[in-house]
Amino acid sequence: MRLRIPPGWWLGGLVLLVVVLVPLFLFTNTYNRGLLVLIVIYAIAGLSLDYIMGEMGQFSFGHAAFWGFGAYVSAKLALDLGISPWIGFLAAPAAAGLVGLLIGYIALRRTRNLELAIVTLGFGVLAWTVALRWRPVTGGPSGLRQVPPPSLFGWEIRSELAYFYFALLLLLGIVFLLSRLRTSRFGRGVRSIHENEDLAKSIGVAATKYYVLAFSFACALVGFSGALYAHHFRFVNPNLLGLDYMFIFLIVVLVGGTGTLWGPVMGAAIFVLVSEWLRALQEYRFVIFGVVLLLVVLFMPIGVFPALQKIARRIRGRNDDKESGAPMGEHALEADKAG
Amino acid sequence: MPILETSGLTRMFGGLSAVDELDLSVEEGEIRGLIGPNGSGKTTALNLITGYIKPTRGVVRYQGSDVSGEQPHDLARLGLVRTFQITTLFENLTVRDNVLHGSHLNNPTSLMGALTRSRRYRRQSAEIEDRVRELLAFVGLGERIDAVARDLSAGEHRYLEIAIALAAEPKMLLLDEPATGLNPEEAAYLMNLIRTLRRQGVTVLLVEHNMRLITNICTRITVLNFGAKIAEGTPEEIVGNPDVITAYLGKRRGA
C-alpha cells in the first residue's frame with residue numbers, strides 16, 4: 001500500500017527519463033546544453049512561484065526580484081569575499097527567505113489576492129531600481145561579471161552537462177521535498193487557508209503566520225534558483241530582478257499547470273525549447289508567447305501537465321477522476337474544477 | 001463558573017448597534033439557544049465571541065479569562081470552535097481531507113517527520129486517519145469519505161461541517177443556524193447529534209431562527225431583538241413570554 005506510486009509520478013518519471021537521456025544524444029553542443037541548465041533553473045523558480053499560486057492560491061508579482069536577489073547575494077559573496085559558491089547556495093535562499101519574511105509580513109497581514117499582487121509588484125520594481133542605481137554594490141546596469149562556478153573536490157563544475165545533472169539532482173530533491181511538504185501539518189494548514197480562510201481560522205490555523213512563512217519559503221526557493229543561475233551563467237545584472245523574468249516564470253507555471261509539481265517542470269522545458277525555436281524572431285518571441293499563453297489559458301486553463309494527466313487517466317480507462325490517489329489527488333481535483 | 005460570559009458586549013456599525021450591551025452567561029454542559037428575528041444581532045454576537053469581529057465595547061470571558069479581541073485561531077486553540085451560517089467547507093477536497101485539515105490542532109506530526117516519513121510520522125498519521133474515520137462515522141458520513149465535499153447534499157454538508165469542527169476537539173461549540181436548508185428529517189438528525197455532543201461534555205451555543213427546533217433541544221434560551229437581550233429562560237418560559245411573541249409575531253392590534 002505504501003509503495004503505491006501516485007499517478008503523477010509515473011508521468012513525471014517518464015518525462016524525467018527523457019530529460020536525463022535526451023541531452024546525451026540530442027543536445028550535443030555547449031550552447032544547447034546550456035539551455036538544459038536554464039530549463040532546470042526555470043523549473044525551480046516555477047515551482048517556487050507555483051507554491052504561491054498553487055498552494056497558497058495567491059500571486060506575487062515581485063517573485064523575479066527574489067530570484068535576482070538570490071543571484072546577487074551569492075555572486076557578491078563569491079566575488080567580494082571569496083566565499084565558496086556552496087555557501088552561496090545556502091546563503092542566497094537564506095537571504096531571500098529573510099527578505100521574503102519581511103515583505104510577506106508587511107503585505108500578508110493586510111492584503112490578499114489582487115492587492116497582494118500590487119504590493120509585490122511595487123516591491124519588485126523597487127528592488128529592480130535599487131539594483132540598477134546602487135552602482136557601488138550592484139555594479140549598476142552592467143551588473144557583476146566573472147562569478148565563479150562551484151567546484152567539487154578541486155574540479156570546477158563548468159561544463160554544461162555536469163552543471164545540468166547537478167542542478168537536475170537538486171530539482172528532483174526539491175520536487176520530492178515539496179510533495180512531502182504538502183501532506184505535512186504545515187502544508188495542510190496552508191492548503192486549508194487557500195481553500196477557505198475563515199474556516200481554516202475557526203479550526204485553529206494561524207492563517208497570516210502560515211501565509212507569511214509559506215511566502216518566505218517560496219522566496220527562499222526562488223533565491224536558490226537565482227544562485228544556481230549566477231554560478232552557471234557567471235554574471236548577474238538588474239534585469240534578473242525585472243518583469244521579463246517575472247513573465248517567464250508566470251508562463252512556466254501557467255503553461256505547465258498550477259498545483260501539480262511536475263507542471264512547472266514541464267512548463268520550463270516547453271518555454272525554453274519553444275523560445276529557442278523562435279529565436280530568429282528576436283523580441284517578437286514574446287508576442288508569440290503572449291498568444292500561446294492566451295491560447296493555453298483559453299483552451300487548456302488547467303495547464304499542459306494536468307491535461308496530459310487527464311488524458312493518461314482516460315487511456316487507462318479510469319474515467320473516475322476522483323480516484324487519483326491521496327496527496328496528488330487533492331490538487332488534481334482542483335485542476336479538474338478549473339477545467 | 002460559567003464557561004462563557006459576555007458583559008456589556010457591544011458592536012456598533014456606523015451609528016447602529018448590531019449588538020447592544022449583551023450580557024450572556026453560559027454554564028458548562030448547557031445547550032444554550034440564541035434566538036431572535038432576522039437582523040437581531042445573533043450572528044454578530046457569535047462573530048464577536050469567536051474573534052471574527054472586534055467588539056466596540058464590552059468583554060468576552062472564556063473559562064474565566066478575558067479573551068476579548070483575540071484571534072479566532074487562538075480561541076480555537078482554547079477549545080472555542082464555531083461553524084458558519086452559510087455552509088463553509090473545503091469544497092474542492094474530499095470528505096476525508098476536509099476532516100484531516102480540520103485536525104490541525106490535534107496533529108502532532110513534525111515537519112521533519114513529514115519530510116522523512118519517519119515511523120513516528122506514519123504512526124501518528126494513521127492515528128489521525130483513524131480519528132477522522134471515527135468522526136465521520138459519528139456524524140453519519142462514514143460511507144461518503146471519498147466523496148468531494150461539494151457533491152454532498154445540504155444535510156451532508158452540515159454534518160461534515162460539524163465533523164470538521166469536532167476534529168478541532170472543542171470544549172465549546174458555537175453553531176450558526178445549522179438547520180438552515182435542512183428538511184425536517186435532516187434537522188432532527190442534526191439535533192440528535194447535538195444532544196450526543198452534549199452528553200460527551202461539549203457545551204453548545206446554538207444560534208437558530210427556527211423556534212420549534214430550538215425549544216426541543218436547548219436547556220436555556222436567550223432571545224435577542226435589535227441587538228439587545230429581551231428575554232432569557234427555559235424553553236417553556238420563553239415560549240410563553242409576551243415580549244418574545246411580540247418580537248416574533250408583532251404586536252396584536254389593540255393590545
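The expected span of a helix is 1.5 Å times one less than its number of residues. Helix H6 of chain B, residues 154-167, has 14 residues and should therefore span 20 Å; its end C-alpha atoms are 20 Å apart, in agreement with that value. The model is predicted, and the distances here are computed from it.

**Helix H6 of chain B**

Of the 14 residues in H6(B), 11 are buried, so the helix is largely enclosed by the rest of the structure. Among the buried residues are B:Glu156, B:Arg158 and B:Glu161, along with B:Tyr159, B:Leu160, B:Ile162 and B:Ile164. The stretch from B:Ala165 through B:Leu166 to B:Ala167 is buried as well. The cover over these buried residues includes strands S6 (80-82) and S7 (172-176) of chain B, and also helices H3 (95-102), H5 (119-139) and H7 (184-199) of chain B. After H6(B) comes B:Glu169, with a positive phi near 50 degrees.

**Chain B as a whole**

Chain B contains 10 helices and 10 strands. Its radius of gyration is 19 Å, close to the 18 Å that the globule rule gives for 255 residues, so chain B is as compact as a globular protein of that length. The C-alpha trace of chain B spans about 75 × 40 × 35 Å along its principal axes. Buried residues account for 45% of the 255 residues in chain B. Among contacts in chain B with a separation of 6 or more, 67% join residues 24 or more positions apart.

**Domains of chain B**

Chain B is divided into domain 1 (1-79 + 170-255) and domain 2 (88-168). Their centres, taken over C-alpha atoms, are 28 Å apart. In the contact between them, 10 residues of domain 1 meet nine residues of domain 2. On the domain 1 side, helix H2 (72-77) and H7 of chain B each give two or more residues. H7(B) provides the largest share of that side, three residues.

**Contact with chain A**

Between the chains, 27 residues of chain A are in contact with 29 residues of chain B. The elements giving two or more residues to the chain A side are helices H7 (160-182), H8 (185-195), H9 (197-202) and H15 (326-338) of chain A. The largest share, seven residues, comes from H8(A).

The table sets out two contact sides by residue class.

| Side | Nonpolar | Polar | Charged |
|---|---|---|---|
| Domain 1 of chain B, touching domain 2 of chain B | seven residues | one residue | two residues |

Terms used:
Residues numbered from 1 in each chain as written. Chains lettered and ligands numbered in written order. Predicted model: local features only at pLDDT ≥ 70, side-chain atom pairs only at ≥ 80, totals over all residues. Helix = DSSP H or I, 4+ residues; strand = E, 2+ residues; numbered from the N terminus. Rg over C-alpha atoms; globule rule 2.2 N^0.38 Å. Buried ≥ 20, exposed ≤ 12 C-beta atoms within 10 Å, placed from the backbone. Contact = placed C-beta atoms within 7 Å. Domains from an automatic or database assignment. Nonpolar A, V, L, I, M, F, W, Y, C, P; charged D, E, K, R; others polar.
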